[in-house]
Amino acid sequence: MIPVAGAGAAASAAVAVTAMSPGDSPTAAVSPVSPVPFDVDAEREDAAGGPARGDDGGAGDTGTPSPLAGAGTPTAAAVTPPPAATPTPTPTPTPTPTGFPPVEGCTATIPGDGVDNGELGDEHLCAIGEGHLLRPDAAASFVALDAVYRAETGEGLIACVTDSYRSYDAQVDVYDRKPGLAAYPGTSEHGWGLALDIGCGANSFGGALYEWLDDNADDYGWDNPDWARPGGSTPEPWHWEFDPESVP
């Protein structure tokens, strides 16, 4: 047998049979075979499964062919921008029937018939300072009254407030702690955000602040009601209530 360098196994076998078979003519032609330096099928298989392709299903495969897996330059996928968000309309502050400007930054509205005493939420209350809350029209008028007091005395009236809106639970607590002084839970004007308790001397009928309030507060809709005045059923000089219909 004459070995043929670089030939595949099948080619070698064919040559061997041709050379050894008895009776064959010694001049029988043997098809020339070009030498192949490596196993082409194995190289193709290795290249197809190599990490450069990225689409072999192996570790790290994302299922998306790499540029080497196809012809040309890959085109980036078009990105569709998300739809523009629809802006949420800002609630309009409730116009105060008294003509006082709304409290700055407050968009609360006056509660309707479906809201119970002591159940007002953030949407029905305005902050007047010092952590106190009132219904928006009451808050607007008291802030205006505070501005007048500041102009005359240089001091803040709001800083003298000791109590304002009371939730139902807060009314229950006060009623339990001060029987005979607090209104029955669910009936207090504090539960509507329409009442304030004021200190700084207003807790005495002879105090300077009480006298100032008695002279000025009614112009802004605030009053120490009859039952809370001297000779009333429950005298409370510190208790003031807002009535928008009483504003001149």
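Which residue in strand 6 is the bridge partner of Leu196? Select Leu196 and look across: the partner is Trp240. Helices (H or I, at least four residues) and strands (E, at least two) are DSSP runs, numbered from the N terminus.

This is a predicted model, where local features need pLDDT of at least 70, side-chain atom pairs count only at pLDDT 80 or more, and totals for chains, interfaces and linings use all residues. Residues are numbered from 1 along each chain as its sequence is written, and side-chain values use heavy atoms, with hydrogens and water left out.

**The sheet**

Select strand 4, residues 195-198. Ala195 and Asp197 point one way, Leu196 and Ile198 the other, and all are buried (under 20% relative accessible area; exposed is over 50%, partly exposed in between; 1.4 Å probe, protein chains only). Now show the open sheet of 4 strands, order 3-4-6-5. Strands 3 and 5 stand at the edges, each with a single partner strand, so one side of each lacks a neighbour in the sheet. Two strands pair if DSSP finds at least two bridges between them.

Select Asp163, whose bridge partner in strand 4 is Asp197. Asp197 lies in strand 4, Arg166 in the loop between strand 3 and helix 4, 31 residues apart. Shared partners join Asp163, Arg166 and Asp197 into one network.

Key. Salt bridge = Lys/Arg side-chain N within 4 Å of Asp/Glu carboxyl O.
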